[in-house]
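Reader: I am new to this one. Please show me the structure, and then take my questions one by one.

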Amino acid sequence: MKKPQLENRHSPAPFLAYIIGFVLSIVTTLAAYFITVKRLWTADALIYIILSLAVVQLIVQIVFFLHIGRGSRWKAISFYFMLFVVLIIVIGTIWIMHNLNYNMMDMSPAEMKEYMHANEGI
Amino acid sequence: MTTRAKEIAETQERKSLGLWVYLMTDCMLFGALFATFATLNTHVGVFGGPSGADLFNLKFVLVETMLLLTSSFTIGLAYLCATRGFKAQSMFWLISTFLLGASFLALELWEFNQLAAEGHGWWSSAFLSAYFVLVGTHGAHIAVGLIWMAVVIFRLLQRNFKQTDVQRLSLLSLFWHFLDIIWIFIFSFVYLIGGMS
Amino acid sequence: MSDLQQFIFGRLTWQDFIHEPIMAGAGIGMIVALIALIGLVTYLKKWKWLWKNWLTTLDPKKIGVMYLIVSVIMLLRGGADALLVRAQQVVNNSNGVELLNSDHFQQIFTAHGSIMIFFVAMGLIFALFNMIVPQQIGARDVAYPFLNSVSFWLFAAGMILINAPMIVGEFSTAGWLAYPPLSGLEYSPGVGVDYWIWSLQIAGIGSLLSGVNFFMTIIKMRAPGMKMMMMPIFTWSVFVTVLLIMTVFPILTVSLGLLSLDRLMDMHFFTTDAGGNPMLYINLIWAWGHPEVYILVLPAFGVFSEVVSTFSSKKIFGYTSMVFALIAIAFFSFVVWLHHFFTMGAGANVNTFFGITTMIIAIPTGVKVFNWIFTMYRGRVRFTTPMLWFMGFVVTFTIGGLTGVMLSVPPADFQFHNSLFLVAHFHNMIIGGVVFGVFSAITYWFPKFTGFKLHEGLGKAAFWCWLIGFILAFGPLYILGFMGAVRRLDHYDPSLGWEGLFIVAAVGVVTIGLGVAFQLLQVTVSIINRKKYKVGPDPWGARTLEWATATPPAEYVFATTPQVKSRDEFWAMKQEGRSFSKKYEDVWLPKNSSVGLLIGLLATGFGLAVVWHMWWAVLLTFVAIVVILVIRLTNDDTEMKLSAEEIARHEAALQRRAA
């Protein structure tokens with residue numbers, strides 16, 4: 001059976017892609033680790049930076065390890081769609097769960113009413 | 001190409017895309033687990049017990065992360081070598097992947113065991129339940145990957161890198177890369193962010 | 001119990017086989033029916049035939065029929081549960097007699113809901129997917145035939161697990177969604193909730209895998225020339241549906257999984273202590289649950305598009321807007337889930353957002369309804385039974401949709417939530433939408449698979465019984481809901497004066513039962529008189545490719561791959577006098593496999609073992625499943641060749657039979 005890549009059997013390009021991807025991933029991982037451990041920013045800022053570094057490494061691995069650009073366009077479509085729904089569910093859950101305060105037991109009804117006024121602007 | 005050969009090539013492409021689509025559903029699974037962790041990683045969820053900041057050993061986790069990341073690299077090399085007919089090199093990288101993956105899992109199990117032995121188990125608080133299940137589910141996927149890898153290694157050796165087994169390796173490598181990508185987010189959200197005081 | 005006994009049997013004891021009379025009767029009846037069936041097959045010496053043609057088949061047409069059979073049986077069980085609920089509420093109202101004790105009543109409505117959603121509605125739509133989709137897109141099979149078989153047998157395993165409590169143990173009393181803390185270990189320590197969890201978890205995995213299967217089938221296995229925007233609308237509806245299935249079933253897996261971990265391993269996701277949050281379960285399960293109801297109804301919309309188009313002898317009005325409406329409905333179904341718990345404390349901002357998104361969903365749905373009506377306008381409409389089901393749908397679903405808009409207003413929902421108004425609304429949508437849609441599909445496509453039509457008169461009688469029965473059964477519930485009647489109560493104080501309405505509702509359910517009886521009679525009579533009702537391959541003058549195959553379709557469905565040139569390809573072929581190529585080639589079909597059946601059996605064992613805490617069996621069945629899968633998945637020899645000559649011979653025989 002004919003092997004598909006027999007012509008460029010010795011082509012370094014894909015190997016190079018893996019090496020670049022590997023190095024970039026190590027860099028982003030170490031960066032995220034050190035800025036956290038050394039506390040280079042405030043906690044809130046760190047959250048956004050760690051998040052961004054994670055997204056960068058995600059893109060690096062998707063491009064260099066998984067070759068999302070080439071191949072079936074359905075891979076890209078299904079990936080973006082999944083990302084979209086995951087964000088809705090995760091952000092939606094966090095928003096909802098953070099707001100489920102109406103029936104909190106550790107405040108009196110009057111305190112609760114004041115809390116809701118303040119938070120909802122009504 | 002004959003109709004039959006075309007069909008076989010299409011079937012392989014279908015398996016690859018199908019696995020990819022299935023992995024997207026697995027991302028949804030992890031998404032729900034991340035949402036759960038985010039909800040329970042609070043003052044209430046910790047229930048007076050230790051939080052991530054108290055429990056997580058980030059150096060240890062960094063080592064785990066490097067092991068898994070390297071294994072993702074080596075499996076890529078293994079597949080490239082296999083498609084180019086470099087069988088010995090492919091087997092070397094594949095076995096390296098297995099060892100790196102197994103080490104990752106061993107370290108993770110050790111970490112879990114330590115926590116449980118100190119009394120910080122999944123039964124102690126909602127936060128710990130969420131932690132063990134999110135990280136544990138990833139670990140379970142790694143275990144599945146390792147079993148799959150063992151089967152692939154065995155078949156490649158037994159049948160001398162038959163084309164269908166090389167194709168199975170490509171599917172496995174897709175799965176393995178996906179697991180490393182999920183780990184990026186566990187590392188970032190659970191350990192780095194979740195472990196901040 | 002000795003230690004060894006406890007190890008082997010977990011928490012199972014002899015007492016668990018003893019039930020009160022009604023349940024015992026049902027359980028014994030089930031066992032007797034099963035023994036009778038086994039006896040019949042043995043007497044007719046049909047085991048080999050059954051094994052080769054049904055139990056190990058990978059043919060989606062046959063798998064679809066098996067889904068259909070299981071779903072119809074479960075429809076009878078779920079319907080019986082409904083009858084008992086209505087009967088209890090009437091009997092208790094009138095003279096305070098208790099037909100069912102509280103515990104039994106709660107098990108019954110829990111079983112009713114769980115069975116109807118997971119094993120009737122889901123089963124029926126999977127039946128339609130399997131039987132219709134490959135043929136509509138000009139394919140012979142689905143993308144992964146083996147996976148298809150596994151999905152079915154996992155579904156069957158779930159079905160066994162949800163019926164097992166009638167024989168051993170008890171069922172959940174926590175409602176069809178099992179909210180914690182009621183479903184947690186503290187308030188439901190018995191086996192009921194565990195049965196519920198594992199039945200749904202196992203069937204759910206089957207559903208997820210089917211979702212991937214049909215998604216890949218539709219994107220990769222369409223006949224050459226059939227672009228996405230040339231697919232029949234039913235296939236589009238299935239495409240959008242499986243997109244929903246793939247996206248949200250993992251959330252169900254997580255919700256059920258976390259609940260089971262709370263119960264099995266003392267975790268604290270949803271407990272009221274140790275930091276747990278029961279509202280998290282409600283949030284997650286409805287993030288699945290809302291898209292689930294769209295998963296159920298979108299295929300029904302697809303069916304109606306085919307039926308209306310065929311029986312109006314016109315192409316569907318506004319094909320593009322129909323497709324975009326399907327996509328819009330699917331998209332919006334992801335952002336409305338909080339409307340199921342408006343009253344549970346999320347505050348005005350959150351409630352408003354989800355209230356608005358919920359109202360918006362009515363718009364694309366309305367577009368579809370108008371498009372169907374415009375399809376009928378100036379068409380040559382034939383009011384056959386499938387069309388009647390459509391007309392019934394338009395009326396009931398529209399009213400149900402209006403009540404949905406009422407419910408979507410958060411302040412109003414504080415009055416309606418968990419009242420009988422809500423119960424009436426969702427039955428309105430599911431019966432009017434999903435059930436009527438499936439009945440329309442069955443009466444429409446029946447001749448394709450059997451070669452004879454169903455008796456029209458009995459079909460019409462069944463329809464009218466269902467429609468009138470539905471109005472009688474649920475109209476009163478809207479009124480009762482307005483008056484403050486809460487759901488899931490086994491008795492309402494007679495002083496409220498609501499007896500009359502409950503009696504009307506009971507009459508309604510009996511009328512629906514009569515409708516079901518007519519349907520069973522219809523099928524029986526049609527089979528007996530099948531020579532009289534014999535029809536050719538295109539009895540309705542249809543438009544889509546599944547009608548271009550033989551009746552019943554050959555195993556290979558299409559002798560040669562169709563080359564598609566337009567929408568409504570079959571109609572175009574008829575108009576232009578085209579037919580399929582006769583240049584036969586070798587065809588490769590999947591070999592039979594018993595692995596699906598084995599996995600189903602092992603999954604059933606796994607489920608029972610987990611429920612009863614027989615840990616050795618849990619490990620054994622799990623390992624066995626893994627081993628069997630590894631063996632199957634490393635097997636390269638899974639297809640068999642059907643040579644061109646064999647196909648030519650078969651086609652010639654079909655021509656002779658038709659002549």
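Author: A term to begin with: a salt bridge is a side-chain nitrogen of Lys or Arg within 4 Å of a carboxyl oxygen of Asp or Glu. This is a predicted model, where local features need pLDDT of at least 70, side-chain atom pairs count only at pLDDT 80 or more, and totals for chains, interfaces and linings use all residues. Residues are numbered from 1 along each chain as its sequence is written, chains are lettered from A and ligands numbered from 1 in the order in which they are written, and side-chain values use heavy atoms, with hydrogens and water left out.

Reader: How many salt bridges are there between chain A and chain C?

Author: Contact between these chains does exist: 20 residues of chain A are in contact with 29 residues of chain C (contact means heavy atoms within 4.5 Å). One residue pair, both at pLDDT 80 or more, is in polar contact across this interface. A polar contact is a pair of N or O atoms within 3.5 Å; within protein, one must be able to donate a hydrogen and the other to accept it, and residues adjacent in sequence count only if both atoms are side-chain atoms. For salt bridges between chain A and chain C, the count is zero.

Reader: Which element gives the largest share of the side of chain A that touches chain C?

Author: Helices (H or I, at least four residues) and strands (E, at least two) are DSSP runs, numbered from the N terminus. Two elements give two or more residues to that side of chain A: helix H3 (73-99) and helix H4 (109-120). The largest share is twelve residues, and it comes from H3(A).

Reader: What area is buried between chain A and chain C?

Author: Buried area is the accessible area (1.4 Å probe) that two parts lose on being put together, summed over both. Carbon and sulfur atoms give 79% of it here. The area between chain A and chain C is about 2,000 Å².

Reader: And what area do chain B and chain A bury between them?

Author: In this pair, 43 residues of chain B are in contact with 47 residues of chain A. Carbon and sulfur atoms hold 80% of the buried area. The area itself is about 4,200 Å².

Reader: Which three residues supply more of the area that chain B buries against chain A than any other three?

Author: Together they supply 17% of the area that chain B buries against chain A. They are B:Trp20, B:Phe73 and B:Arg84.

Reader: Which element gives the most to the side of chain B that touches chain A?

Author: Helix H1 (3-40), helix H4 (58-83) and helix H7 (163-193) of chain B are the elements that give two or more residues to this side. The top contribution is 14 residues. It comes from H4(B).

Reader: How many residues on the side of chain B that touches chain A are charged?

Author: Ala, Val, Leu, Ile, Met, Phe, Trp, Tyr, Cys and Pro count as nonpolar, Asp, Glu, Lys and Arg as charged, and the others, Gly among them, as polar. This side has 26 nonpolar and 13 polar residues. Across the interface of chain B and chain A, the rule finds zero salt bridges. The charged residues on the chain B side number four.

Reader: What part of chain A counts as buried?

Author: Buried means under 20% relative accessible area, exposed over 50%, partly exposed in between (1.4 Å probe, protein chains only). One residue of helix H3 of chain A is A:Ala76, and A:Ala76 is buried because its relative accessible area is 18%. Of the 122 residues of chain A, the buried part is 38%.

Reader: Is C:Thr217 buried or exposed?

Author: C:Thr217 is in helix H7 (residues 192-220) of chain C. A polar atom of its side chain lies 2.6 Å from the backbone oxygen of C:Asn213. Beyond residues up to four places away in sequence, C:Thr217 touches C:Ile137, C:Asp141, C:Val142, C:Ala143 and C:Arg222. The relative accessible area of C:Thr217 is 0%, so C:Thr217 is buried.

Reader: How many residues of H6(C) are buried?

Author: H6 of chain C covers residues 145-163. Helix H6(C) is largely enclosed by the rest of the structure, because the buried residues are 17 of the 19.

Definitions and conventions: The expected span of a helix is 1.5 Å times one less than its number of residues.
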